[in-house]
Amino acid sequence: MSGSGSDGRDLVEGSSSFHHHHQQSPVTLSRYVSQKRRDWNTFGQYLNNLRPSVPLPQCNCNHVLDFLRYLDQFGKTKVHLQGCMFYGQPEPPAPCTCPLRQAWGSLDALIGRLRAAYEENGGSPETNPFASDAIRVYLREVRESQAKARGIPYKKKKKTSKENEESSSSGTMHFS
């Protein structure tokens with residue numbers, strides 16, 4: 001008798017939303033997929049909470065840029081301001097009052113997921129606000145300013161591994 005009850009329970013669990021997509025039992029979603037859905041919902045929520053709220057199809061790159069700035073308050077990356085004595089130090093010896101920000105890499109990955117989600121949810125690539133030049137420029141500026149503030153040079157990755165080994169052994173200690 002014990003076996004028959006469990007089958008019914010499995011079907012109920014988590015199958016409501018995906019039931020029509022997958023005939024087999026629900027697959028655990030990859031981290032990327034679930035993260036992407038979470039980001040998409042967060043962005044939708046953000047637009048919803050704006051006054052006046054903005055319907056998703058009407059959002060543009062300015063909404064996206066505001067969203068990225070809004071996320072900074074939840075960031076964990078210390079970014080030193082120009083006047084801070086630790087400006088340009090990768091590992092400051094003491095705490096300071098400089099703001100925490102979203103790390104450039106997190107924002108870059110977030111935009112990638114949202115760009116994909118926008119098109120998966122029926123948006124056209126031509127009007128994708130996450131793919132606009134303004135976003136690219138913003139991310140580049142964030143990357144450069146964070147690299148400077150934290151004393152971490154962003155080098156373009158070299159194609160060959162041989163060059164990498166040579167340059168890393170010779171050029172490690174150059175902080176201007």
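**View 1. Helix α4 spans 24 Å from its first C-alpha to its last.** The 17 residues of α4 give a reach close to the 24 Å expected at 1.5 Å a residue (expected span: 1.5 Å times one less than the number of residues). Helices are DSSP runs of H or I with at least four residues, numbered from the N terminus. The model is predicted, with pLDDT of at least 70 needed for local features and 80 or more for side-chain atom pairs, while totals for chains, interfaces and linings use all residues. Residues are numbered from 1 along each chain as its sequence is written, and side-chain values use heavy atoms, without hydrogens and water.

**View 2. Buried residues of α4.** Trp104, Leu107, Leu110, Ile111, Arg113, Leu114, Ala117 and Tyr118 are buried (under 20% relative accessible area, 1.4 Å probe, protein chains only). Their cover includes α2 (31-49), α3 and α5 (133-149), counting contact as heavy atoms within 4.5 Å.

**View 3. Crossing of α3 (residues 61-71) and α4 (residues 104-120).** The two axes come within 12 Å and cross at roughly 140° (lines fitted to C-alpha atoms over the stretch in contact; angles from 0 to 180 degrees between N-to-C directions). Val64, Phe67, Leu68 and Leu71 of α3 meet Leu107, Leu110, Ile111 and Leu114 of α4. This contact has eight nonpolar, no polar and no charged residues (Ala, Val, Leu, Ile, Met, Phe, Trp, Tyr, Cys and Pro count as nonpolar; Asp, Glu, Lys and Arg as charged; the others, Gly among them, as polar).

**View 4. The cis peptide bond between arginine 51 and proline 52.** Omega is about -5°, and proline 52 lies in the loop between α2 and α3.

Key. Helices (H or I, at least four residues) and strands (E, at least two) are DSSP runs, numbered from the N terminus. Buried means under 20% relative accessible area, exposed over 50%, partly exposed in between (1.4 Å probe, protein chains only).
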